[in-house]
Amino acid sequence: MFVGEKLHDHNALRLAAHERRYTFIKSEVAIPSDLISKLKDFQIAIPSWALGTGGTRFGRFSGGGEPRNLEEKIADVGLLHALNQSSGAISLHIPWDSTTNPAAVKALAAQHGLAFDAVNSNTFQDQANQALSYKYGSLQHVDAAVRKQAVQHNIEVIQQGIELGSKSLTVWLSDGSCFPGQLNFRKAYERTVDSLKEIYAALPGDWKLFLEYKAYEPNFYSTTVGDWGQSYSMVNKLGEKAFTLVDLGHHLPNANIEQIVALLLMEGKLGGFHFNDSKYGDDDLTAGSIKPYQLFLIFNELVDGMDAKGMNHAKDLGWMIDASHNVKDPLEDLLQSVEAIQMAYAQALLVDRSALETARNENDVVACQEILQTAFRTDVRALVAQARLELGGALDPLALFRELGIRNQLIQKRGAKTQATGL
Ligand code: LRH
Ligand code: MN
């Protein structure tokens, strides 16, 4: 699906209006000189499992034209990247994305300007050819043979990641219990850490292990890696290549995620993110669609904390989306998520940090709030669009996606009833 010349026409039509908006914000706001280059460097990885229509136990309503294999998933992410020049990586999930020809897959991704971000293991489902079930857990399981099977799977995922050029493994464990009394929490924790140590030992020197926590689902009484504290305590026992991954939808109601991010970052144990949004549980909705102020506050802590440690914003953490689309076109939803994340980052880069510290030291609470909200209430869309324009992207990726009738083209090419592997 080539967007080339159509993208040029699309931008030509919008350039005058864009430059008016860009000139206006530059006249109104003190834009740090490196803000646009930081936005251009900030690439967000797209999850391979979110390119089809998601669903719930109550139903799944496919939109058609979904990718039928890994090659078509890479083409879809390549399309997103051609439109917004900010989605330059794909995060695979194994075995949903297993391949017998990693060299060809790597070459195809390179053609689309894509790298491979973290690879994800899966010991939360039983595969057809699997000897032992994960019904009662995987790395926590009371049966050493089940733990061994799960450890072996993670090591195979690392091997596949190495062949694709990935540099990190994400481990999310559905392990836990559904009823009081079912699990010995201490032994489950210790078995999980011992199993993770075997996986950690298989990591190449330049790799990272991301341990993703989640409060509940599919277990509904306890989750063995259930919150940031449990994940943090485990990754500290593993070593310097192990970090905690923060999925925004994995917290109990009203958790202060920006404070969790600030502390994990301070401790040097924040590995990366699964961006999405939610109102109730792990709803996996579009990033910034329900709590945009929270997304801004998280990026405010990220910019502050990463600068305090001299970290490279674009390279030193894993920036990934993890969403599921029940009623929207998956590609349109992902374009919206990338835009929302870029906007939150841009607003965080506008925060007057020295004024904020001064106000904090004077306990001027009102001034602290005004300084943050001034940045959040700044319309930064022209800045994000300028970064895209300078990278050769579309001024309005979503509009161009629709102008090109891409979904209809995909349905023509792939069919109306195709179903992508994933959730
Ligand atoms: C679990 C999770 C995890 C993935 C899965 C697809 O809820 O967030 O990151 O493995 O979704
Ligand atoms: Mn996740």
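Pro-95 is found in the loop between strand S2 and helix H4 (102-111), where helices (H or I, at least four residues) and strands (E, at least two) are DSSP runs numbered from the N terminus. The peptide bond from Ile-94 to Pro-95 is cis, with omega near 15 degrees. The model is a predicted one, in which local features need pLDDT of at least 70 and side-chain atom pairs count only at pLDDT 80 or more, while totals for chains, interfaces and linings use all residues. Residues are numbered from 1 along each chain as its sequence is written, chains are lettered from A and ligands numbered from 1 in the order in which they are written, and side-chain values use heavy atoms, with hydrogens and water left out.

A cis peptide bond also joins Glu-217 and Pro-218, with omega about 10 degrees. Pro-218 lies in the loop between S7 and S8. Most residues other than glycine have a negative phi, and most peptide bonds are trans. Gln-85, in the loop between helix H3 (70-84) and S2, has a positive phi of about 50 degrees although it is not a glycine. Asn-254 has a phi near 70 degrees and is placed in the loop between strand S9 (242-247) and helix H8 (257-266).

Strand S2 (residues 89-91) contains Ser-91. Ser-91 counts as buried because its relative accessibility is 1%; buried means under 20% relative accessible area, exposed over 50% and partly exposed in between (1.4 Å probe, protein chains only). The side chain of Ser-91 makes a polar contact with that of Asn-120 at 3.0 Å. A polar contact is a pair of N or O atoms within 3.5 Å; within protein, one must be able to donate a hydrogen and the other to accept it, and residues adjacent in sequence count only if both atoms are side-chain atoms.

Of the twelve residues around ligand 1, those that come nearest are His-93, Glu-212, Lys-214, Asp-282 and Asp-322, a residue being near if one of its heavy atoms lies within 4 Å. An oxygen atom of ligand 1 is 2.8 Å from an N or O atom in the side chain of His-93. The corresponding distance is 3.1 Å for the side chain of His-250 and 2.7 Å for that of Asp-322. Taken alone, ligand 1 exposes 300 Å², of which the protein buries 97%; accessible areas come from the Shrake-Rupley method with a 1.4 Å probe, and for residues only the protein chains shown count as cover.
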